[in-house]
Amino acid sequence: MRYAVISDIHSNLTALDAVLEDARPFDALLCLGDVVGYGPDPNECVARLQSYPLTCIAGNHDLAAIGQLDLSRFNPDARQANYWTRDELRRESRDFLLNLPNTIKLGGFLLAHGSPVNPVWEYLDSLYLAKDNFLRFDFQTAFVGHTHIALAIKWDSEQKEASFPEENACSLSLAKDRLILNPGSVGQPRDDDPRASYAIMDTEKMSWEFRRTHYNIERTQKRMRNCGLPKRLIERLQYGW
Ligand code: ZN
């Protein structure tokens, strides 16, 4: 199976469609949460995902948008966007989000938005946290999102230490080391590169490839302005922070 692995779409339909086009051909989608929040097209993003064979988990913004998470931990812009999203969600979109699990195990694969240890809130962005997750779970490969930054961390089972793979490898083999992989964010990248971020995983070749693709950022920004979404959330898209 060839999967497009996506995360943190954040209601950015223009970015999502660019990724789906760039990823062709693929058999199915793996989505690591935060389908909604921040952007202008929550219902359209849900509908687009549902039109593909899909495995999807919940992110903190998804849970907040259906009233299952306290918004007090959100910053004011995120909170405002989330209230807007709540009002905007159609019933079928709400039902979709309500049915998303926090984690999914597929053989040796484990999907969690934040991390296996704390699927909703942990930002898995350090070797220290990665080590904790490798030690407490038995996954071969864990897929995470939430940080909006593409990342790979591997586990040395003899030394019992986590490390970053050699160089800035765009492609990785899933067949050897235990790994934690983050495809980055489709709809709001935060690594100073505004292009949409995702990955292609081939389970026959056991390969993983990080990908970036351009999308029409101005179109998303215009739609956000029309929806009255916070200015800071609109501006950040063109810089990728
Ligand atoms: Zn997110």
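Strands β11 and β12 pair in the antiparallel sense over 7 bridges, where two strands are taken to pair if DSSP finds at least two bridges between them. The model described here is predicted, so that local features need pLDDT of at least 70 and side-chain atom pairs count only at pLDDT 80 or more, while totals for chains, interfaces and linings use all residues. Residues are numbered from 1 along each chain as its sequence is written, and side-chain values use heavy atoms, with hydrogens and water left out.

**Strands**

Helices (H or I, at least four residues) and strands (E, at least two) are DSSP runs, numbered from the N terminus. β11 and β12 form a hairpin with 4 residues between them, and Met 206 in the turn has a positive phi of about 50°. The further pairings of these strands are set out below.

| Strand pair | Sense and bridges | Partner residues |
|---|---|---|
| β1 (residues 2–6) and β11 (residues 196–202) | antiparallel, 4 bridges | Ala 4 and Ile 200 |
| β11 and β12 | antiparallel, 7 bridges | Met 201 and Trp 208 |

Strand β1 is mostly covered, since 4 of its 5 residues are buried, where buried means under 20% relative accessible area, exposed over 50% and partly exposed in between, with a 1.4 Å probe and protein chains only. Met 1, in the segment before β1, counts as partly exposed because its relative accessibility is 38%. Leaving aside residues up to four places away in sequence, Met 1 touches Asp 27, Ala 28, Met 201, Asp 202, Thr 203 and Glu 204, a contact being heavy atoms within 4.5 Å. Met 1 and Ser 173 are 172 residues apart in sequence, and their C-alpha atoms lie 15 Å apart in space.

In helix α2 (residues 42–50), the buried residues are Pro 42, Asn 43, Cys 45, Val 46 and Leu 49. These residues cover an arc of only 165° around the axis, which puts them on the same side of α2; the arc is that of the directions from the helix axis to the C-beta atoms. What covers them includes β1, α1 (13–23), β2, β3 (54–56), α4 and α5 (91–98).

In α8, Leu 233, Ile 234, Arg 236 and Leu 237 are buried. Seen down the axis of α8, they fall within an arc of 165°, so they line one face of the helix. The buried residues of α8 pack against α4 (76–88) and α7, and just after α8, Gly 240 takes a positive phi of about 70°.

**The cavity**

On a 1 Å grid over the protein atoms alone, a cavity is a set of points where a 1.4 Å probe fits but cannot get out, and lining residues have an atom within 4 Å of a point. Grid points are joined across faces, edges and corners, and a volume is the space filled by probe spheres set on the points. The count comes to 1 cavity of 30 Å³ or more, and about 40 Å³ of space lies in the largest cavity. Its lining is made up of His 10, Asn 12, Tyr 38, Gly 39, Gly 187, Gln 188, Thr 220, Met 224, Leu 233 and Leu 237, of which α7 (217–227) and α8 (231–239) each supply at least two. The lining residues divide into 4 nonpolar, 6 polar and no charged, where Ala, Val, Leu, Ile, Met, Phe, Trp, Tyr, Cys and Pro count as nonpolar, Asp, Glu, Lys and Arg as charged, and the others, Gly among them, as polar.

How values were computed:
1 Å grid on protein atoms, 1.4 Å probe; cavity = no way out; pocket = protein on both sides within 12 Å on 5 of 7 lines; lining within 4 Å.
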